Structures are given as C-alpha cells and as structure tokens.
Amino acid sequence: MTSFRVALAKRGRDGLGRIRVKVGHIGALNALKNDVVVLEVSHKSLRQEHILNDDFDVEIISQNGCGESFEGVAVAADMYHLQKVKAFIGPYCNAEMDAVARMAAFWNIPIIGYMAASNSLSDKKAYPTLARVSLRTTNSIAEATCALLRHYGWYKVAIVTNTGSLAYDRTYAFEEVFHARKITVVKKIIFDEWADSKAMLASGLLQELKNSARIIICLFSNTRESSRELLTAANAQGMSVNEFAYILPWLQDGAKDVSPWIGSDGTVLQKVKDQYANAIIVDDVNNFDNSVIIPFLDRIKEAGLTEADVDIANIYGYLYLFDALKLYALAAKKVMNETGDARNLVNGRVMWNTMRRMKFTGMLGSSGVASGVVTMDDRAERAPLYRGFFVSPNVDQVQPMVHMEPTMIEKCDGLENKSGCYEIVVTDMMRDFWPSVDRRMPKDEPDCGFRGERCDFTLLIVGAAITVGMILALCGAYILHRIVEKKALDKLPFRIYRDDMQFIDEEQLKSMVSLVSKEN
C-alpha cells in the first residue's frame with residue numbers, strides 16, 4: 001500500500017513538480033442545481049485567499065449519484081480506480097455515504113460529507129477517514145437539544161415519534177445523547193407514520209403521555225406536518241402549554257425553512273400558527289431569517305448565477321459544499337506545511353486527524369458572512385451552533401430565546417469517549433416569557449406528581465373525619481353516662497328532696513344547743 005501511495009503522489013504532480021490533487025464530488029440527481037459552479041466559486045475563493053496556488057492546487061471531478069440503484073457507489077469506484085481521485089466530497093445522501101465512506105476507509109483516502117446527516121456516520125471506528133461539515137447532523141442537533149434541556153433543569157422527558165426507518169434513526173441518536181448526558185426518557189410514544197390528530201387522539205396514547213411527562217420531545221420523519229398534528233391533538237386532549245413544554249428539534253433534509261405558518265405568498269396562516277403557539281424549536285441560528293441568502297447570492301454573482309439558477313430552498317447544501325472544499329484545502333495545506341510529504345495527502349487517516357478541531361470562516365459575501373464560522377470537533381464533525389426559538393402567539397416570526405455555542409474541551413480524546421469533546425454554552429436571549437401566571441418554565445415533574453398523587457388530600461380528610469368522629473363519640477358517651485348516672489340516683493329509696501331539708505346557721509345552732517341544755 002505504501003508503494004502504491006508513493007506512486008499515486010508522484011502522478012499527482014505535473015511536469016514542473018507542482019502538486020495537483022484530484023477531488024471527486026458525488027452529487028445527487030435532481031438536487032442542488034449548478035452545484036458544480038458553486039464548487040468552482042469555492043475553488044476560486046481558495047486561490048484568492050492563497051490557500052491554493054500554483055504549487056498546490058486541486059482538480060475537481062463532479063458526477064451525480066443518489067439515484068434508485070446506488071449509482072454513487074459505482075461512481076466512487078470509477079473515480080478512484082480509473083480517474084485516480086484521491087479525495088471525495090459527498091455523496092449527497094445518507095445511504096450512499098455509508099457505502100462510499102467505508103470504501104474510502106478501505107482505500108485510506110479522505111472523504112468529506114456535506115449533507116448526509118445520519119447519526120451512524122459519527123462512528124469513527126467504522127468511518128475513520130470521514131469528516132462532515134453539515135451543521136444539521138442528527139447527533140449535533142441532539143446535543144443542542146440536550147444542552148437546552150439541561151439549561152432549564154429538565155432531566156425527565158418523553159419522546160414522541162413515529163414508525164419508519166428515518167424516525168427510528170433520529171430517535172436512536174437522541175436516546176444515545178440523552179443517556180450520555182444523564183437525561184432520562186420516562187416515556188416513548190410511537191404513532192403510525194401517517195397518523196393525523198384524530199388518529200393520535202383515538203389511540204389513547206396521549207393520556208398515557210399526560211400521566212407520565214411534562215417535557216415532550218417531538219422526533220418525526222416529517223417534522224413540519226407530524227409535529228403540527230401532535231400539537232393539535234395535545235390541545236384537544238387538554239395538555240396545556242402552561243404545564244407542558246413541547247420541544248421540536250427542526251430536523252429537515254437540507255431545505256431552509258420559513259416559519260411553518262407563513263404561506264407561499266408571505267401571509268400568516270393564523271390557524272396553523274395557533275397550533276404551534278408556545279412551542280420551542282431548536283434549529284440553526286439563521287434558519288428563520290434571510291441573513292444567509294444575500295451573502296450567498298452576492299457570491300454566486302461572480303460566476304454569473306442568479307437566484308433563479310440555484311435551488312434557494314436548499315441553500316444549506318450549497319454552503320456546506322463550499323465549506324467542504326475549503327476544509328479539504330486547509331487540511332491539505334496544513335499537512336504539507338507540517339510534514340512536507342505529498343504522500344500524506346492521500347493518507348486518509350492523517351488528513352482526518354488534521355481536520356480535527358480546525359476552525360475557519362465559511363463562505364463570505366460582500367454583504368456579510370453566509371455560512372458563519374466552521375468549528376470542527378474532536379471527531380472532525382462540525383460542532384453545533386444552534387438557537388432555541390420560542391413561538392409566541394402574538395408575534396409572526398419565531399423569537400430566539402437561547403443561543404447555544406460550542407466550547408472545546410482540552411485534554412479530551414473523542415475516539416476514546418465517543419464524543420466531540422465540546423461543551424455547549426447556553427446563553428439566555430429572553431426571560432420571563434412563558435405563558436404562565438408566574439412566567440416560570442414548567443418543571444419536568446410537577447410538585448404534585450404527574451397524576452396529582454402528591455397533592456391528594458383524601459387520606460388527610462378521612463383521618464380528620466375519623467378523629468372528629470371519635471371526639472364526638474367520646475363526648476356523647478360521657479353525656480350518656482351522666483344521664484344514666486342521674487337516673488340511677490333518682491331511683492334510690494333514701495332519696496331526700498331539697499325542699500324537705502333545712503339548713504341552719506351558727507346562731508340557730510347555738511340556740512338549739514342552749515335549748516337542749518336547759519331541758520337537761
């Protein structure tokens with residue numbers, strides 16, 4: 001393998017001895033229109049920043065996969081064996097990323113994921129050469145959700161999900177993170193994948209949920225639709241938001257969402273909004289505004305593209321693709337500067353190790369930063385940068401309530417403890433906003449218990465009634481005793497009535513004694 005790597009490195013040099021690395025991009029059919037042009041914009045930017053230059057440059061080879069027959073796997077094999085590709089960006093989809101990442105590990109070449117979000121891809125024993133720049137991986141949003149729960153002192157939660165492989169993968173990822181962070185899942189409810197609010201009510205499962213938890217985590221295959229159905233059913237069940245907190249990790253497949261209650265014409269769909277009222281959405285810091293769109297459009301104008309030439313709803317796909325090439329170029333340059341050995345550019349494990357804990361600025365536009373600061377954790381996964389958003393019933397747009405930013409932990413090995421070696425610092429952006437009388441957030445377990453059993457005064461009332469009854473019985477017995485005693489005395493034969501008795505005083509007594517003395 002070493003001799004093969006040397007030969008490969010030599011073939012990566014041109015006639016002047018300059019290094020040229022072939023990077024294969026595997027996109028998706030009918031997704032990310034003009035993604036190749038965005039890659040070229042990223043390539044041009046890297047040369048302008050002098051990360052790439054005439055001495056070290058990359059050649060991008062782009063083909064599509066993610067069809068019905070795992071075309072991306074065949075594309076990867078063709079790129080590696082015939083086109084001599086030495087690094088991969090993509091594939092776009094989870095299924096093909098799993099296969100290609102394992103192939104890259106076998107070939108020991110670097111691979112960077114930019115859209116695949118599956119939690120299983122964070123296992124670096126199975127994918128030792130894989131790095132990911134997507135901010136929306138399932139495990140990263142699970143970590144952010146866990147940080148929000150801990151911030152509010154919520155350690156007992158319930159999970160509501162549905163059948164299906166996607167929902168299962170998401171639920172498994174969250175349960176794994178919750179277990180590691182000491183969050184207890186006290187109840188898990190599973191609905192049918194296509195259940196509506198009526199079916200949820202008819203199942204009787206919401207009553208079980210009501211009797212078991214107050215903090216509800218919603219993890220559905222279709223986050224927008226299913227979460228709305230659940231909230232509709234919960235309102236009908238009488239599960240008031242004053243007592244319950246509904247957490248919605250906004251798990252989407254790359255698309256940048258407007259608020260769910262905003263119609264296609266920009267108007268507020270009040271009936272829809274009422275269903276989401278007082279829920280908490282956990283999502284990327286920029287998902288519910290347009291702050292990333294303008295810088296992105298500014299940048300692609302350099303390549304002659306307009307908004308009509310790209311799929312603006314999938315803007316994150318373009319941003320992550322741009323950042324993926326930059327991550328590879330920065331890691332390659334660092335490897336060359338530190339080792340001076342071109343053979344390490346085709347050593348996937350060396351490149352992956354270099355990408356750990358890297359930090360750089362993503363796509364820049366003339367009007368601002370589009371993709372923000374990219375922070376890689378200790379497993380070469382992008383560290384989460386999220387916010388918790390409160391859906392106020394009186395405001396059209398969601399309101400940021402907490403900001404969650406990662407802080408790296410020193411002297412920590414992510415391979416050993418299977419973590420990214422970071423702590424999420426949570427900062428309050430709103431206070432006293434909860435719709436309760438005292439404006440306090442609900443507790444994960446009510447003071448009176450889930451069924452009110454701790455505040456059940458039945459036993460106290462019964463005990464007090466028994467005590468009062470006993471006291472009354474004793475009093476009655478005493479009175480009865482006195483009455484019986486009096487009647488018994490009245491029946492005695494030597495009874496003398498008071499009128500038959502005469503009491504004499506001392507003077508009368510002296511007179512009577514004197515009289516008796518005289519008679520004697």
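These legends walk through several close-up views of one predicted model.

The model is predicted, so local features need pLDDT of at least 70 and side-chain atom pairs count only at pLDDT 80 or more, while totals for chains, interfaces and linings use all residues. Residues are numbered from 1 along each chain as its sequence is written, and side-chain values use heavy atoms, with hydrogens and water left out.

**View 1. A disulfide joins Cys66 and Cys93.**
A disulfide here is a pair of cysteine sulfur atoms within 2.5 Å, and the count by this rule is 2 disulfides. In this one, the S to S distance is 2.2 Å. The torsion about the S-S bond is about -100°, so the link between Cys66 and Cys93 is left-handed. The two cysteines sit in distant parts of the chain, 27 residues apart. Look for Cys66 in the loop between strand S2 (56-65) and helix H3 (71-81), and for Cys93 in the loop between strand S3 (87-89) and helix H4 (94-107). Helices (H or I, at least four residues) and strands (E, at least two) are DSSP runs, numbered from the N terminus. Cys66 has a relative accessible area of 16%, so it is buried; buried means under 20% relative accessible area, exposed over 50%, and partly exposed in between (1.4 Å probe, protein chains only).

**View 2. Cys412 and Cys421 form a disulfide.**
Here the sulfur atoms lie 2.1 Å apart. With -70° about the S-S bond, this link is left-handed. Both Cys412 and Cys421 are buried.

**View 3. Strand S10 (residues 280-284) is largely enclosed by the rest of the structure.**
Strands pair if DSSP finds at least two bridges between them. Strand S9 (residues 245-249) runs parallel to S10, joined by 3 bridges, and Pro249 has Val282 in S10 as its bridge partner. Strand S15 (residues 386-390) runs antiparallel to S10, joined by 5 bridges. There, Asp284 stands opposite Tyr386 in S15.

**View 4. Helix H5 (residues 138-151) is mostly covered.**
Of its 14 residues, 12 are buried, among them Thr138, Glu143 and Leu149. From first C-alpha to last, H5 reaches 20 Å, close to the 20 Å expected at 1.5 Å a residue; the expected span is 1.5 Å times one less than the number of residues. After H5 comes Gly153, with a positive phi near 70°.
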